Amino acid sequence: MTISINAAFDSGNIVVESLAGTSARLSIRKDRESDFFQWFHFRVACAAGDALDLAITGLADSAYPDGWPGYAACASYDREHWFRLDTSYDAGTLTIRHTAEGPLLWIAYFAPYSMERHHDLIASAAECEGVAYRCLGTSLEGQPIDCLEMGEGPVQVWLYARQHPGESMAEWWMEGALDMLTDPADPHGRSLRRKCRFHIVPNMNPDGSRRGHLRTNHAGVNLNREWHAPSAERSPEVLCVRNAMDESGVDWAMDVHGDEAIPAVFLAGFEGIPSLKPEQQEKFLAFQAALAAATPDFQTELGYESSAPGQANLSMSTTQLAERHGAVSMTIEMPFKDNRDLPDPVQGWSPDRSKLLARACLETLDRML
Ligand code: ZN
């Protein structure tokens with residue numbers, strides 16, 4: 001019997017080029033109105049014992065070809081527990097081999113975070129004592145841009161994720177952050193709510209998330225290149241969040257992402273902004289050092305190159321908020337691969353590690369304030 005493959009569901013993305021027995025040749029659909037592609041998520045219907053041999057082709061032209069060497073695909077039978085598959089990469093083709101243990105196997109670039117789970121997250125957090133829900137606006141396809149607010153302190157903290165929708169680890173991070181901040185028993189949560197007002201946007205790009213995009217919204221726009229001039233036509237998701245930030249002011253901000261190529265957790269800052277203040281940069285560096293001391297999952301050796309003085313790209317949120325509000329703002333990047341320094345061959349970087357990293361980030365912020 002020939003296997004069948006389907007991706008017609010929330011965040012599904014795969015094109016079946018050909019099927020033969022337990023083998024398939026596949027490719028990835030580009031983000032709508034864009035050339036970006038890298039995210040995949042599909043279901044294989046098979047029989048237990050099938051020797052699956054799946055080739056995802058055409059990846060030399062993907063958004064981040066360096067993301068494939070050393071990468072292993074994620075899979076799940078129950079859509080709760082995700083593990084890594086035997087995966088190899090050669091000349092633009094990713095080959096996944098696995099002996100099926102059941103009739104249905106889900107395979108994805110990283111453990112997905114569905115829009116239904118997003119609504120579950122918003123619903124459970126919004127019910128918690130002291131949490132206010134705000135809808136900041138709507139996406140191009142009319143989905144809400146959800147924001148949760150909590151805390152009584154004067155320090156304005158913005159946490160936001162999934163500008164790049166394929167970086168699903170970013171919303172797992174958010175789940176960890178919200179678990180901590182809404183737990184009445186958590187000492188850091190209590191302390192932070194006393195010091196800060198939190199504004200939390202767990203998903204900046206619901207349209208791209210549902211469509212199975214890597215990097216863009218419904219109009220093919222990369223939201224993290226719109227912050228200097230967001231518009232209702234191209235990037236209402238950024239416009240509504242930036243307007244709310246202008247109302248509250250921003251003291252600290254974290255923009256949560258995943259990186260395709262680098263096998264490590266790292267931060268990117270704002271050192272190239274025109275108005276850089278020494279104390280602003282010192283706070284960023286102190287946070288970075290404190291986070292490295294707080295969790296062995298974080299490091300400072302691997303990361304992006306710093307931009308030269310005055311050469312920051314102000315279309316990105318981190319630099320725009322640092323320039324616009326004098327904020328200590330940062331981009332946190334988690335790996336799609338694994339953490340090179342602390343590898344886990346079974347799960348690689350995972351939802352649980354993303355959630356724990358959020359806790360470490362918030363504990364660090366609490367110590368800094
Ligand atoms: Zn990103």
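Which residues is His 81 in contact with, leaving aside its neighbours within four places in sequence?

Author: This is a predicted model. Leaving aside neighbours within four places in sequence, His 81 is in contact with Ala 75, Ser 76 and Gln 347. His 81 sits in the loop between strand 6 (74–76) and strand 7 (83–84). His 81 has a relative accessible area of 44%. Buried means under 20% and exposed means over 50%, so this residue counts as partly exposed. Ala 111 lies 30 residues from His 81 in sequence. Their C-alpha atoms are 8.7 Å apart in space.

Another loop residue can be read the same way. Leu 140 is found between strand 11 (132–138) and strand 12 (144–150). Leu 140 is partly exposed, at 31% relative accessibility. Neighbours within four places aside, Leu 140 is in contact with Asp 207, Asn 217, His 218, Ala 219, Ala 232, Glu 233, Arg 234, Pro 236 and Glu 237. Take Glu 233 from that list. Leu 140 and Glu 233 are 93 residues apart along the chain, yet 7.8 Å separates their C-alpha atoms.

Next, the metal. The zinc ion is coordinated by His 164 through ND1, by Glu 167 through two OE entries, and by His 257 through ND1. The distances run from 2.1 to 2.4 Å. In sequence, the donor residues follow the spacing H-x2-E-x89-H. His 164 has a relative accessible area of 3%, so it counts as buried. His 257 is buried too, at 2%.

What about the geometry? The angles among the four donor atoms range from 57 to 145°. A tetrahedral site needs all angles between 85 and 135 degrees, so that label is ruled out here. The site is irregular.

Now the interior. In soluble globular proteins, nonpolar side chains tend to be buried together. The largest nonpolar core here has 85 residues. Phe 40, Phe 42, Leu 54, Ile 107, Trp 173 and Phe 198 have the most contacts inside it. Helix 2 gives the most to this core, with nine residues. Apart from this core lies another, of 18 residues, among them Ile 145, Cys 147, Leu 223 and Cys 240.

The whole structure holds one cavity of 30 Å³ or more. The largest cavity has about 40 Å³ of space. Val 157, Leu 159, Trp 252, Ala 253, Met 254, Phe 287, Met 330 and Leu 365 line it. Strand 15 gives the most to this lining, with three residues. Strand 13 also supplies at least two.

Last, the open space. About 690 Å³ lies in the largest pocket. This pocket is lined by 37 residues, with Phe 266, Ala 268, Tyr 304, Glu 305 and Met 316 nearest its centre. Helix 6 (278–294) supplies at least two lining residues, as do strand 15, strand 16 (266–268), helix 7 (317–325) and strand 17 (328–335). Helix 6 gives the most, with four.

Technical notes:
Residues are numbered from 1 along each chain as its sequence is written. This is a predicted model: local features need pLDDT of at least 70, side-chain atom pairs count only at pLDDT 80 or more; totals for chains, interfaces and linings use all residues. Side-chain values use heavy atoms; hydrogens and water are left out. Donors are N, O and S atoms within 2.8 Å of the metal (3.2 Å for Na, K and Ca); water is not among the atoms, so sites may look incomplete. Four donors count as tetrahedral if all angles lie between 85 and 135 degrees; four count as square planar and six as octahedral if opposite donors are over 155 degrees apart and all others between 65 and 115; anything else is irregular. Buried means under 20% relative accessible area, exposed over 50%, partly exposed in between (1.4 Å probe, protein chains only). A nonpolar core is a set of buried Ala, Val, Leu, Ile, Met, Phe, Trp, Tyr and Cys residues joined through side-chain atoms within 4.5 Å. On a 1 Å grid over the protein atoms alone, a cavity is a set of points where a 1.4 Å probe fits but cannot get out, and a pocket is an open set with protein on both sides within 12 Å along at least five of seven lines; lining residues have an atom within 4 Å of a point. Grid points are joined across faces, edges and corners, and a volume is the space filled by probe spheres set on the points. Contact means heavy atoms within 4.5 Å.
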